[in-house]
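Please examine the sequence and the model before reading the solutions.

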Amino acid sequence: MIENILQQKNMRTGARVTVKTVLSVGLIALAVLLPQLVHLAAGAEGGARWLPMYLPVLLAGCLLGPVWGLGVGVLSPLCSFALTSLWGEAMPAAARLPYMVAELAVFAAVSGAFSKKIASDALAAFPAVLLAQVCGRLVFLALSALFAGIGPLTAASAWAQIEGGLVGLVLQAVLVPFLVIGVRALLRRDE
């Protein structure tokens, strides 16, 4: 969406890359900070329930498109793991990290596939987020089942995590599209 709007405003390629880079870094920082705040307020169970890292990644996909969104989706859990490892307790845990990288990559790529449509019709953010959530959680479930013998998760434990995070997914399915609609309106206010 951002790319389409910046092109319509006749911004040079370098300026567009700068805007997308700054936005990506900001969303990655939010994806690292938001889980910390949720864990402070609601404990470790709060993170599993509210899925705070997912929100900035869904925003990245919708706003930045599949490629830049994918970068945010992959880098967010990796940066969070690297930074929180320095403080003692890594988030996400090392055993959960590969699953989360794959899941968030799917979240970002699927929601990002709608970014051009969102540029012309902001309401497309609703199906973008819903489809991204379903696909991402299915990938998480499939990977858990596939690597059940050698990984830390089974399909049953992954399903329990999916059920436990439904509240966060529902909240994000509403909140992210409204944030995207707001950003789109701000960027198009001159028209």
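**Exercise 1.** How many residues line the largest pocket, and which of them lie nearest its centre?

*Solution.* The model is predicted: local features need pLDDT of at least 70 and side-chain atom pairs count only at pLDDT 80 or more, whereas totals for chains, interfaces and linings use all residues. Residues are numbered from 1 along each chain as its sequence is written, and side-chain values use heavy atoms, with hydrogens and water left out.

Step 1. On a 1 Å grid over the protein atoms alone, a pocket is an open set of points where a 1.4 Å probe fits, with protein on both sides within 12 Å along at least five of seven lines; lining residues have an atom within 4 Å of a point.

Step 2. The lining comprises 23 residues, and His 39, Ala 44, Gly 47, Ala 48 and Pro 92 lie nearest the centre. Two or more lining residues come from each of α2 (13–50), α3 (54–87) and α7 (155–164), helices being DSSP runs (H or I, at least four residues) numbered from the N terminus. The largest share, seven residues, belongs to α2.

Step 3. The volume, the space filled by probe spheres set on the points, is about 550 Å³.

**Exercise 2.** Determine the lining of the second largest pocket and its division into nonpolar, polar and charged residues.

*Solution.* Step 1. This pocket has a volume of about 190 Å³. Its lining includes Leu 130, Arg 137, Trp 159 and Leu 166.

Step 1. At least two lining residues come from each of α6 (125–146), α7 and α8 (166–187), and α6 gives the largest share, six residues.

Step 2. Ala, Val, Leu, Ile, Met, Phe, Trp, Tyr, Cys and Pro count as nonpolar, Asp, Glu, Lys and Arg as charged, and the others, Gly among them, as polar. The division is ten nonpolar, one polar and one charged.

**Exercise 3.** Which residues touch the most other members of the largest nonpolar core?

*Solution.* Step 1. A nonpolar core is a set of buried Ala, Val, Leu, Ile, Met, Phe, Trp, Tyr and Cys residues joined through side-chain atoms within 4.5 Å; buried means under 20% relative accessible area (1.4 Å probe, protein chains only).

Step 1. The largest core has 35 residues, and Met 1, Ile 118 and Val 180 touch the most other members. Its largest share, ten residues, comes from α3.

Step 2. Leaving aside neighbours within four places in sequence, Ile 118 is in contact (heavy atoms within 4.5 Å) with residues including Met 1, Cys 62, Val 180 and Arg 184.

Technical notes:
Buried < 20%, exposed > 50% of the residue type's maximum accessible area, 1.4 Å probe, protein only.
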